[in-house]
Amino acid sequence: MNKTLLYIALLIISIALPFVFPNYTISLTAMWLLIIVSLTWDMTGGQMGYNSLGNIFFYGTGMYVAAITGISMVYDVGQYTSAAGGGINNFTATQYFSGLGIGAVAAGIFCAISAVILGYLLFGLRGPYFAIGTLGVAIAAGELVSNWEWVGGGQGVSLPVYPGDLDEGKFFFYYLFCTLGIATFIFLKWLYSTRFGAAINAIRDDEEKAEAMGIHTLRYKLVTWSIAAFIVGLAGAFSGYQLIQFEPLETAYQTINLGIFMVVCVLLGGKGTLWGPVIGAILFHVLKEVTWTYFLGWQWVALGALIVVTVVYFQDGLMGWLKHVRPEWFGERVEQKPGSKPSSASQAEAAQ
Amino acid sequence: MSKPIIEVTGVSKSYGGVHANKDVSLKVADGGITGLIGPNGSGKTTLFNSIVGYHPIDCGSVKFQGKEISKLQVPQIARLGLLRTFQQTRIYGEMNCVENMLISIPHRKMSYKDMFKHNSKIDYEKADRLLDFVGLYEKRYLRAGSLSFGQQKLLEFAMALTNEPTVLMLDEPTAGINPTLINGLIDRLQLANSEFGITLFIIEHNMRVIMNMADHIYCLAHGEMLASGPPSEIQNDQRVIDAYLGAH
Ligand SMILES: Nc1ncnc2c1ncn2[C@@H]1O[C@H](COP(=O)(O)OP(=O)(O)OP(=O)(O)O)[C@@H](O)[C@H]1O
Ligand SMILES: [Mg+2]
């Protein structure tokens, strides 16, 4: 029951935060984004043992698919993007919200399908080869998009501003990301408790054994990555509309910022746990905001140092460390069979 | 010999210059216990790997229940009901014993919907029952990696039983097991064969064990089939004796 109370308290805090810290709404929204991409990165990286450095591909692709879908519902995309900024940019509130809604769904589905296709090509690779392969996809996609004039080329895309006042818009996006974050957490909590969760853990711990036991390994890998891609695609879609103006290399396919941050968050909090990515993302976000505010100019050095320290000294993260010092919290115990005498094998064992 | 369930014909496999299997043929009788012996490095594990699709074979044919399986992938073959255990015992060290068992429930009938289900009460009962069968009941909530080597072998065996295979191929099930435990393990293997109706195909170095259990034995030497026959014949086969002595 203690746990239920904790969850309710966290929910209330999540809802109340922008009211308590109205000046930090944008930053808090960014924190939710970090939580979402970390949770989904951990699906493959932590739970399944496939470290992707290319999940940012789904973020960028989601951003573009949603934006283009939203625009195409009102204007001709080529005309709209070539007029970038100065020209046509009138959207009614209905057009805005239906563009965002339908665009986000399209983005999620598009990303999920891309993950299946990319998965067929990339899941044959193991360890560092998979990481580099996925990174390659994200970098290539960024380059391709920045040379594609129809979607705005290197200039990127400008989207309409939120049809309401500025503060309302900030709140709107905060709750959009907050809802997606909480939904992702609840979904994963359920998913990891099913056979599915156990199977992807088995793939992580010993894929050959999993194959030898007849587990549909490829099927699990494709489904896992495409679920992650769907969620990241939605996050990318929301981000595009929140940012209003985004461009391909620095914002959409930002391999060295968000693309790496999500990995660091998960390592910091603890790979392969449900809470690890959440805690890691919050911690990382706070550290990042502090360094950006107080150590401006040194922020990248500070972050780099944090990455090095985490990777070298603290590989299992906070949750991994906790599991190590408090294994009983994670359910390890010896248990006698009620009312039965030890079986013959354990007698023989006792005789050893 | 009754109808064969596994039929290996003319299988060869080489690693670079090493001919690990040369034109090997054998039959595993349905419902029986078949043994595979041979000195170290004679190609026994390689043959197992060839049968379960672990690596592509250079030539030859492998049939399971009359169906050619030499082009199939490992998980596909496992789902047909042809299962193997590993010489280097493989269990999920980070999971507890029950979780190891639940991972092993047969995936052959599993649809997409089943993948997202929780394990049923029946699954848990089955896990407990089979862990009890191999004598690991008390240890069932311990991390499998914390078990002794012998216990891990027993766990791997219980996992294989959970999978309800038609044929179970065991690579040295008694290696590294304390002699006092070996008799218990033999009993359980024989029960798996007689009670659960699982055909067994066993690689074994312990002659006492294999001569007692198997009803037919194949002997490999230098990747080639040296001899085959019932235990009494193999035991007294001069070529087999020489091969073992020569290997020392
Ligand atoms: N992956 C591999 N790469 C190269 N050579 C290999 C490989 N696996 C096995 N071999 C070689 O093939 C031969 C047969 O090996 P195998 O493991 O099948 O023998 P075995 O009969 O199982 O021996 P043991 O009783 O020691 O387990 C050996 O000479 C070995 O060195
Ligand atoms: Mg071997």
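Which helix of chain A does Ala229(A) lie in? Select Ala229(A) and you land in helix α10 of chain A, residues 217–243. Before moving on, some ground rules: this is a predicted model, in which local features need pLDDT of at least 70 and side-chain atom pairs count only at pLDDT 80 or more, while totals for chains, interfaces and linings use all residues. Residues are numbered from 1 along each chain as its sequence is written, chains are lettered from A and ligands numbered from 1 in the order in which they are written, and side-chain values use heavy atoms, with hydrogens and water left out.

**Stop 1: Ala229(A)**

With a relative accessible area of 0%, Ala229(A) is buried (buried is under 20%, exposed over 50%, partly exposed in between, with a 1.4 Å probe and protein chains only). Now show its contacts, meaning heavy atoms within 4.5 Å. Apart from neighbours within four places in sequence, Ala229(A) touches Phe58(A), Cys111(A), Ala112(A) and Ala115(A). Helices (H or I, at least four residues) and strands (E, at least two) are DSSP runs, numbered from the N terminus.

**Stop 2**

Select β8(B), residues 199–203. Five of its five residues are buried, so the strand is largely enclosed by the rest of the structure. Thr199(B), Phe201(B) and Ile203(B) point one way, and Leu200(B) and Ile202(B) the other. In a regular strand the side chains alternate between the two faces of the sheet.

Which strands flank β8(B)? One is β3(B), residues 33–37, parallel to β8(B) over four bridges; look for Thr34(B) opposite Phe201(B). Another is β7(B), residues 167–171, also parallel, over five bridges, where Leu170(B) has Ile202(B) as its bridge partner. From β7(B) the chain crosses through helix α7(B), residues 179–194, to β8(B) in a right-handed β-α-β crossover (with the strands pointing away from the viewer, the path from the first strand over the helix to the second runs clockwise).

Towards the other end, five bridges join the antiparallel strands β9(B), residues 216–221, and β10(B), and Ile217(B) stands opposite Gly229(B).

**Stop 3: the four-stranded sheet of chain B**

Next, find the open antiparallel sheet with the order β2-β1-β4-β5 in chain B. Strands β2 (18–29) and β5 (67–68) of chain B have a single partner each, so one side of each is left without a neighbour in the sheet. Strand β4(B), residues 59–64, pairs with β5(B) over two bridges, and Phe64(B) stands opposite Lys67(B). Helix α1(B), residues 44–51, packs on this sheet, touching β1, β2 and β4 of chain B.

**Stop 4: the magnesium ion**

Finish at ligand 2. Which residues hold this magnesium ion? They are Thr45(B), through OG1, and Gln87(B), through OE1, at 1.9 to 2.2 Å. Donors are N, O and S atoms within 2.8 Å of the metal (3.2 Å for Na, K and Ca); water is not among the atoms, so sites may look incomplete. Thr45(B) is in helix α1(B) and Gln87(B) in the loop between β6 and α3 of chain B, so the pair ties together parts 42 residues apart in sequence. Thr45(B) is partly exposed at 26% relative accessibility, and Gln87(B) is partly exposed at 29%.

How values were computed:
Two strands pair if DSSP finds at least two bridges between them. Axes are lines fitted to C-alpha atoms, for helices over the stretch in contact, and angles run from 0 to 180 degrees between N-to-C directions.
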